Amino acid sequence: MLALTCLLSGVAQPLLAQTRTLTITKRYLNLPVAQAQDRGTMQLTMPGGERSFKIRLAAGKPDYWVFCDMAGAMGKTITIRYDGKADGLETIYQDDRFAGQDSLYHEKNRPQYHFTTRRGWINDPNGMIFYDGEYHLFYQHNPFEREWENMSWGHAVSKDMIHWQELQTALLPDRMGTMFSGSTVIDYDNTAGFNQGNVPAMIALFTVDNPEKEVQCLAYSLDKGRTWTKYAQNPVIDSKAKWNSKDTRDPRVFWYAPGKHWVMVLNERDGHSIYTSKNLKQWQYESHTTGFWECPDLFELPVDGDNGKKKWVMYGASATYMIGSFDGKKFTPESGKHAYTNGTIYAAQTFTNMPGSDPRRIQIGWGRVQQPGMPFNGMMLLPTELQLRTTKNGSRLVSVPVKEVEQLFAPTGQWTALSATEANEQLKSVGSLDQFRLQTTLKLSHATSAGLSLFGQKILDYDLNHNLLNGAFYSPEDMTSMEITADIYVDRTSVEVFVNGGSFSYSLERKPNPASKEGLVFWGNRIEVKDLTFYTAKSIWK
Ligand code: FRU
């Protein structure tokens with residue numbers, strides 16, 4: 001152990017790094033964090049490796065603990081070097097369990113049927129793919145704080161998109177920069193040459209960000225995404241000069257069968273570019289569609305389920321979309337922009353390589369939801385199926401929770417033809433409102449606002465005078481209809497609402513009014529609650 005610092009003759013001096021040396025005998029290095037502390041850089045140096053990240057190392061009592069998984073460093077002597085306020089260096093400890101593991105997934109504000117990370121921050125879903133019996137969800141992750149930093153690819157797997165197991169961090173920052181968003185593919189035809197025997201490589205294309213620029217890089221895995229090798233000749237695209245912009249990111253790659261080539265949709269400065277490649281390494285710029293920012297997706301969907309009638313959908317991080325055609329090199333919009341969802345959702349992605357018999361296009365979005373007082377932050381929203389439906393205004397995207405969510409809910413009360421007062425009376429005794437699902441059809445008697453509130457928060461607010469649904473313009477397919485149906489999913493910190501069969505949806509952070517004593521309450525001018533079903537919700541965590 002070394003070095004002191006700081007105040008020499010009353011003049012603040014830059015902090016010198018302090019170090020601590022220890023031999024790794026246990027799986028986890030537990031690190032104390034205090035949000036009020038400035039970030040410092042922590043560097044772990046060991047024979048054959050080095051890892052560095054930013055952390056707000058707690059000097060006194062920590063707000064919470066995070067961990068560094070040392071599975072690969074067993075028996076090695078490591079040096080921990082920290083250039084911030086280092087009083088907490090001595091508090092770091094090794095254990096076979098990470099701090100707080102005993103109460104994992106049962107913490108007070110832990111969402112009970114949505115994916116959240118064990119510790120730290122998450123944002124965009126990345127690399128969503130089905131392969132060999134597993135759905136893979138990678139995601140933007142800061143393992144060392146509940147705020148955005150140290151961008152890495154976290155990794156979780158699931159058999160049903162509902163129950164998730166979080167694995168070790170898949171992609172760590174390196175000398176080129178931090179790991180921003182991207183996608184994965186399975187290279188069945190060995191176009192990139194990384195396959196081994198019968199094992200096709202899972203290949204990730206992602207953005208590496210550094211203070212100077214953003215470039216697109218490649219990594220591959222031969223063990224179902226557990227460990228990754230970065231391509232020695234990264235980056236595969238460096239387009240800063242072409243766009244005179246640092247903003248070139250979030251590659252979304254898929255195989256375009258008719259052209260026998262790979263397609264990459266990449267957000268560059270003011271929209272989504274299309275690149276093509278035969279081998280995932282050399283990319284050719286083809287075209288550009290302006291009007292999008294971050295996190296592209298592009299896919300083909302049948303209209304009304306008719307495989308003889310297909311259209312392409314392109315969207316960006318905010319989930320606004322255009323419908324059009326795509327010839328493998330250029331997307332030509334025919335209609336748009338439209339929005340099918342809003343609220344906390346951002347940077348949603350869809351699964352690729354779905355099992356052969358399953359034609360669904362399934363999306364998961366990042367829920368920008370605060371998890372108050374928790375050692376983790378953010379969440380993934382429910383997986384939803386995207387479909388194109390014909391409406392009076394042409395084809396439109398709809399989004400409905402996948403059928404796999406049904407296993408979570410059991411109906412415990414069902415009513416029809418109630419007044420608001422009668423419905424509110426029934427809702428007084430439905431049990432815990434911590435987590436539940438509720439389906440209802442309301443019939444309005446006036447074209448003024450009506451809906452449902454939960455502890456004073458309007459979770460359904462339908463105003464037919466302004467045609468506003470929780471603040472966004474909404475007119476149903478039958479614009480003279482006085483009815484609205486809502487399928488509402490409430491978890492401990494979030495609300496997701498799908499109206500009229502998914503023709504519009506939104507997600508909210510749960511914000512109960514602390515003064516409110518009322519649970520679920522319908523309001524509105526002489527509305528009829530035509531039907532109402534209340535479901536209890538299971539936890540996805542054991
Ligand atoms: C969207 C985004 C992406 C970027 C990532 C960084 O939320 O800004 O454009 O790759 O987050 O974490």
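A salt bridge is here a side-chain nitrogen of Lys or Arg within 4 Å of a carboxyl oxygen of Asp or Glu. The views show a predicted model, in which local features need pLDDT of at least 70 and side-chain atom pairs count only at pLDDT 80 or more, whereas totals for chains, interfaces and linings use all residues. Residues are numbered from 1 along each chain as its sequence is written, and side-chain values use heavy atoms, with hydrogens and water left out.

Figure 1. The domain assignment, which is automatic or from a database, divides the protein chain into domain 1 (18–103), domain 2 (120–401) and domain 3 (405–537). The C-alpha centres of domain 2 and domain 3 are 32 Å apart. Contact (heavy atoms within 4.5 Å) involves 27 residues of domain 2 and 22 residues of domain 3. Together the two domains bury about 1900 Å², with 54% of it on carbon and sulfur atoms; buried area is the accessible area (1.4 Å probe) that two parts lose on being put together, summed over both. N342, L382 and K392 supply 27% of the area that domain 2 buries against domain 3, more than any other three residues.

**Figure 2. Composition and polar pairing at the domain 2 side.** Zero salt bridges are counted between domain 2 and domain 3, but 13 residue pairs are in polar contact, both residues at pLDDT 80 or more. A polar contact is a pair of N or O atoms within 3.5 Å; within protein, one must be able to donate a hydrogen and the other to accept it, and residues adjacent in sequence count only if both atoms are side-chain atoms. Strands β24 (341–343), β29 (384–391) and β30 (394–401) each supply at least two residues of the side of domain 2 that touches domain 3. Strand β30 gives the most to this side, with five residues. Helices (H or I, at least four residues) and strands (E, at least two) are DSSP runs, numbered from the N terminus. By class, this side of domain 2 has 13 nonpolar, 10 polar and four charged residues. Ala, Val, Leu, Ile, Met, Phe, Trp, Tyr, Cys and Pro count as nonpolar, Asp, Glu, Lys and Arg as charged, and the others, Gly among them, as polar.

Figure 3. Most residues other than glycine have a negative phi, and most peptide bonds are trans. N234 and P235 are joined by a cis peptide bond with omega of about 0 degrees, and P235 lies in the loop between β15 (229–230) and α1 (240–243). R269, although not a glycine, has a positive phi of about 55 degrees and lies in the loop between β17 (261–268) and β18 (271–277). N467, likewise a residue other than glycine, has a positive phi near 50 degrees. R269 is partly exposed at 40% relative accessible area, whereas N467 is buried at 17%. Buried means under 20% relative accessible area, exposed over 50%, and partly exposed in between (1.4 Å probe, protein chains only).

**Figure 4. The surroundings of S181.** S181 is located in strand β12 (residues 178–186) and is buried, with a relative accessible area of 4%. Its side chain makes polar contacts with the side chains of D124 at 2.7 Å and N126 at 2.9 Å.

**Figure 5. The surroundings of R110.** R110 occupies the loop between β7 (93–95) and β8 (120–131) and is buried at 0% relative accessibility. The side chain of R110 reaches the backbone oxygen of T117 at 2.7 Å and that of R118 at 3.3 Å. The C-alpha atoms of R110 and T493 are separated by 7.8 Å, although these residues are 383 residues apart along the chain.

**Figure 6. Salt bridges between separate parts of the chain.** The structure holds 29 salt bridges. In one of them, the closest N and O atoms of R39 and E145 are 2.8 Å apart. R39 lies in the loop between β2 (28–33) and β3 (40–46) and E145 in the loop between β9 (134–142) and β10 (152–158), so the pair ties together parts that are 106 residues apart in sequence. R39 is partly exposed at 29%, whereas E145 is buried at 0%.
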